[in-house]
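Here's a quick briefing to keep beside the model while you look it over. It starts with the overall fold and then moves to a few spots inside it.

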Amino acid sequence: MNISCPTSCVFLESNDDYQQKRVGNRFELERRGFYRQLLDLGGERATEIFYVFEALAYRFFQDRRDAQDAEVLEGLQSLRRSFSLIHIPDSGMPAFGEELRKEFKVFGERQPLESHLVTNVLDQAHTFIQEFSGPGLRSHRFLHGLLGYIRERHPDVAEQLARQTGAGGRIIIPSGFDYAPDHPSTEPVS
C-alpha cells in the first residue's frame, strides 16, 4: 500500500533522513574505492575534481527531496560536454549542468584544469554514479548516499555548503578529508 505524502510531510522528512543515513554508510565504502581509482587515474588533482563535483551536487540538491540521480547524470554530461574538444551545442541545459559549468569555470580560473583529465574523471564519475544508483529510472540512491554521507561524516562541510549560494562560492577540500585511506590529506582549494 502506498500513501501519497505532500513534500511538507514530517514523516516523509524523517524517512528521507533515515534512508540517507543508511545509504550513506554503503556510499562511504564504495566512494573510498572510487577515490582510489581516481588517484590511480590522475593523482590528487583527479580526486579534487570529483570532490568539487560532489560538493556542488550536495549544495544544489541538499533540500530537494524530489531530486533524482538522472538529474545528477544530466548535469555531469553537460559539464563533460563543456570540456570536450568537440563543441556540441546544448539544447536546453539542465539547471544543475549550468551550475556545474559556472562553478568549474571559477575553479579552473583559480587552478587551471586539463581538459583531458577532467573528461576522464567525469567519465569515471558517470560510471560510478550509474552503478551506485542502480537500474531504476527514478532512482535517488546516489543522492541519498552522497547527502547522508556528508551530513553524517562531515557535518562541518555540510554546514559550510548549506550557507553557500551562487557561482564562485569557495569549495574547500578540507585537510584530512577521508576520500581515500592511506592517502595524505590535501590542502584547501579556493
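Going along the sequence, the chain reads α-α-α-α-α-α. That's six helices and zero strands, where helices are DSSP runs of H or I with at least four residues, strands are E runs of at least two, and numbering starts from the N terminus. Keep in mind that this is a predicted model: local features need pLDDT of at least 70, side-chain atom pairs count only at pLDDT 80 or more, and totals for chains, interfaces and linings use all residues. Residues are numbered from 1 along each chain as its sequence is written, and side-chain values use heavy atoms, with hydrogens and water left out.

**The chain overall**
- Of its 190 residues, 44% count as buried, meaning under 20% relative accessible area (1.4 Å probe, protein chains only).
- The accessible surface is about 10200 Å², and carbon and sulfur atoms account for 50% of that; the areas come from the Shrake-Rupley method with a 1.4 Å probe, and for residues only the protein chains shown count as cover.
- Take the contacts (heavy atoms within 4.5 Å) between residues at least 6 apart in sequence: 72% of them join residues at least 24 apart.

- Helix α5 covers residues 141-153, and its 13 residues should span 18 Å at 1.5 Å a residue; the end C-alpha atoms are 17 Å apart, which agrees. The expected span is 1.5 Å times one less than the number of residues.
- Buried residues in α5 include Phe-142, Leu-146 and Ile-150.
- α5 packs against α6 (residues 155-163) at about 115°, with the axes 5 Å apart. That makes α5 roughly perpendicular to α6, a label for angles of 65 to 115 degrees. Axes are lines fitted to C-alpha atoms, for helices over the stretch in contact, and angles run from 0 to 180 degrees between N-to-C directions.
- On the α5 side, Ile-150, Arg-151, Glu-152 and Arg-153 meet Pro-155, Val-157 and Ala-158 of α6.

**Two buried glutamates**
- Glu-54 sits in helix α1 (residues 10-61) and is buried, with a relative accessible area of 1%.
- Leaving out residues up to four places away in sequence, Glu-54 touches Phe-27, Arg-31, Tyr-35 and Leu-146.
- Glu-54 and Ile-150 are 96 residues apart in sequence, yet 9.5 Å apart in space, C-alpha to C-alpha.
- Glu-103, in helix α3 (residues 95-110), is buried too, with a relative accessible area of 3%.

Key. Buried < 20%, exposed > 50% of the residue type's maximum accessible area, 1.4 Å probe, protein only. Parallel < 35°, antiparallel > 145°, perpendicular 65-115°, else oblique.
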